[in-house]
Amino acid sequence: MKNIILLASVLLISTTSVYSQKKKDLLDEISKLRKELKTTKGELSDSKNKEKATLTQVATMEAQVKDLKETNATLLSNMSNFTELSNQKAKNLETSLTSLQEKDRQLKNINDAISKSDSLKLVSLTAFKNTIGGDAKIAVQNGTVFITVGNTLLFGDDDKSYVISDKAKGFLNKVSTVLNAKTDLKIIVEGNSNALSFKGKSISDNWDLSAMQAAAVVRALQNDYKVDPKRMDVLGKSEYGSQSIETSTRIIIDPKFDEFYALVKENMKNASQK
């Protein structure tokens, strides 16, 4: 009986000891698991925070990408507009350059025509100077040849005379020689007179007298020297056209601007065909 009790006691003690050890091991395991759980929760929290930060960063980057796309689209649009504007400006500049070149060509043609016209006037001036000599004053003003001769040579000493004197015939013959050799020249005879009295004369005033003196010169050139009357005009200036006290008559070789413009037009036509 004692042995049974002893055995039972040993068994009980052994069982209790085993149970205590298992309990201790279980508590240690629970403690370990709690620590692991706490660590896991911390890591999970960190992961969530990182995820949140990452999502925020992604959202920010997406917004930046969107802004960049919009900015890029705006730049492309502006570049397109700028290119179009540049092309238009280049086209306008090209048009302006073409226009300037055309105007420059027109100016050159006009200058060429002026030079040619001036050359023709110079030839006429030289011809009159060589032919007339010192009988009259010859000059060119604004492209027009002026031959100025004193009325005493043309009409004598009587300041109211409008009859061509014998002394004037040699002079008019020289003038007509050049005029008949150059049939393209147009002539204006301008009378200037400043007679002081007209008593006993069928002349009203210097307007009358200057016109009749100019007409007498034209009539002599026509009738005596065969100058075409269609080329000649008469102009009476009274005493208001004279540049000095000594009255004079001017034979004006008209520049004939219609022919000058025709020359310009011809030059432009020839230039456009080159």
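Partly exposed means a relative accessible area between the buried limit, under 20%, and the exposed limit, over 50%. The model shown is predicted.

**View 1. Lys-186 pairs with Asp-233 across strands β3 and β4**. The two side chains meet in a salt bridge, with 3.1 Å from N to O. Lys-186 sits in strand β3 (residues 186–191), and Asp-233 sits in strand β4 (residues 232–236). The pair links distant parts of the chain, 47 residues apart. Lys-186 has a relative accessible area of 22%, so Lys-186 is partly exposed. Asp-233 is partly exposed too, at 34%.

**View 2. Arg-250 and Glu-190 form a salt bridge**. The N to O distance is 3.0 Å. Arg-250 lies in strand β5 (residues 248–254) and Glu-190 in strand β3, so the pair ties together parts 60 residues apart in sequence. Both Arg-250 and Glu-190 are buried.

**View 3. Asp-159 and Lys-160 meet in a salt bridge**. Their side chains come to 3.1 Å, N to O. Asp-159 is partly exposed, with 38% relative accessibility. Lys-160 has a relative accessible area of 17% and counts as buried, because the limit for buried is under 20%. The model has four salt bridges in total.

**View 4. Strands β1 and β2 form a hairpin**. Strand β1 covers residues 137–141, and strand β2 covers residues 144–150. The strands run antiparallel, and five bridges join them. Ala-139 has Phe-146 in β2 as its bridge partner. Two residues lie between the strands. In the turn, Asn-142 has a positive phi of about 50°.

Notes. Residues are numbered from 1 along each chain as its sequence is written. This is a predicted model: local features need pLDDT of at least 70, side-chain atom pairs count only at pLDDT 80 or more; totals for chains, interfaces and linings use all residues. Side-chain values use heavy atoms; hydrogens and water are left out. Two strands pair if DSSP finds at least two bridges between them. Helices (H or I, at least four residues) and strands (E, at least two) are DSSP runs, numbered from the N terminus. Buried means under 20% relative accessible area, exposed over 50%, partly exposed in between (1.4 Å probe, protein chains only).
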